[in-house]
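Let's walk through this one together, starting with the whole chain and then zooming in on a helix and its neighbours. Keep the structure open as you read.

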Amino acid sequence: MDHDQPALPPDSPLMTMTNSFLNDGMLLLSMPGHTRDGTYYIHDGNTVLLVEKTLFKVHRSVLTKDKSAFETMFQLSSETDSARSDSSMNTAQEGESDDNPIRLQGDTADEFRALLWALYALPHELTIAMTADADCTQLLNLVRITHKYQFRSIMTWALSALHHYYSRPGAFDDIITTNSSTSAGPLPATNPPTLPHTGGLASSSQPPTLEQLTELAALCERGDLLEATLTRWKRLIGEGRDLALAIAIGERFNLRPIVGLAYHALMLRGKAAWDAERSLTRAQRVRLLAGYYALTKLWDALPSQPPPLTHTARCTSQQRCTKAWGALWRTVLETGTQVMPGLAREDVLGKIMLAESMMKALVEREIPSQGFLDGMPHCRESALVATSMRVREIKEGLADCFSDDF
């Protein structure tokens, strides 16, 4: 006797409902492996959300604070559920149970937990965030998720707390530059910048990396926090550390102050050092060559191009003063290379900064002028100002030397 059951027609109610469950992923979500959060599975909550493998049960009214994107999300969800209820299928509304939660894609459980902490925290708990005992990893998670879901006032507060934490003396002393597991290759230039996750850290208790903080400050346009991170990058570049990473981060977020300095520092190490940096792209290697030739050419022209001198009202002969200034400018540049013969020809930044120091010593009579200042008795301070302005111009334009066009 044949015990096989007759096949159900594809359009039968049972097959239709089964296919719907499979397409929606409901059967998968009801399988073991999802755990309720120990703090934010609130039993009198009215909305269940799944983030990674963690279930949260909270109040919708809390998530819609601050005119967040959850308000629109819940409205769309209600409209979809209403449309389903109008059909012949009787299904539970999304978010009403553990078997049919609202699924948040692209977030980590730690990030969503940080958001709920900010929404449910008591005043004294929030006050800790403005002290040295703040959990900076939690704050970074909070900034990222509030940026994504448009909790604007909470994001501004969290960014202020991060800046307060990292503006303390020594706050960057022990910071890790990057997550080593993600720094083996070049950053993809084609990917759109997004706020950094902290999930890649070895432990959720570890503080954010300098790379993550820089990305966050740049994307959120938080100038004070960005300036703090750039100060740390400049120190690392001055020590010759993480140069390729500084170039990648600087180019990705158009951070010109560190792009030029990092390229310059790596250029001075020579081609052998460039070849040893596996993370450098071909385009970046081309820019290093372009910078070498551009700066060499600049140094050759610099002695014959003194910066403009602003004459004082007491100057009796601007023509004589200008001529003396040109001779002084050339002499200072040439003397600097004699004082420190180890400076490479292409190290324009080092040479011009040495020239500024020598000019300052001459004007302030710390070293004998040997008659070079006699032709400009009333414009000596102006000469120092002009030199400082030229140093500033070279620093600000350093990144332009390392371009693809040469």
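Of the chain's 406 residues, 43% count as buried, meaning under 20% relative accessible area, with exposed being over 50% and partly exposed in between (1.4 Å probe, protein chains only). Keep in mind that this is a predicted model, where local features need pLDDT of at least 70, side-chain atom pairs count only at pLDDT 80 or more, and totals for chains, interfaces and linings use all residues. Residues are numbered from 1 along each chain as its sequence is written, and side-chain values use heavy atoms, with hydrogens and water left out.

The chain has 18 helices and 4 strands; these are DSSP runs numbered from the N terminus, with helices being H or I of at least four residues and strands E of at least two. A contact here means heavy atoms within 4.5 Å. Among contacts between residues at least 6 apart in sequence, 66% join residues at least 24 apart.

Now find α7, at residues 136-148. Its 13 residues reach 19 Å from first C-alpha to last, close to the 18 Å expected at 1.5 Å a residue (the expected span is 1.5 Å times one less than the number of residues). This helix is mostly covered, with 10 of its 13 residues buried. Among them are C136, L139, L140 and R144; C136 has a relative accessible area of 6%. The cover over these buried residues includes α5, α8 (152-166) and α9 (210-219).

How do α5 and α7 pack? Their axes are 8 Å apart, at an angle of about 90 degrees. Axes are lines fitted to C-alpha atoms, for helices over the stretch in contact, and angles run from 0 to 180 degrees between N-to-C directions. The two helices are therefore roughly perpendicular, the word for 65 to 115 degrees (under 35 is roughly parallel, over 145 roughly antiparallel, the rest oblique). On the α5 side you'll see D110, E111, F112, A114, L115, W117 and A118, which meet Q138, N141, L142, R144, I145 and T146 in α7.

Next, look at T54 in strand β3 (residues 54-58). T54 is buried, at 12% relative accessible area, and touches T35, D37, L49, A109 and R113, leaving aside residues up to four places away in sequence.

What about disulfides? A search of the whole structure finds 0, taking a disulfide as a pair of cysteine sulfur atoms within 2.5 Å. The sulfur of C315 is 3.8 Å from its closest cysteine sulfur, in C379, too far for a bond. C315 itself is buried, with a relative accessible area of 15%.
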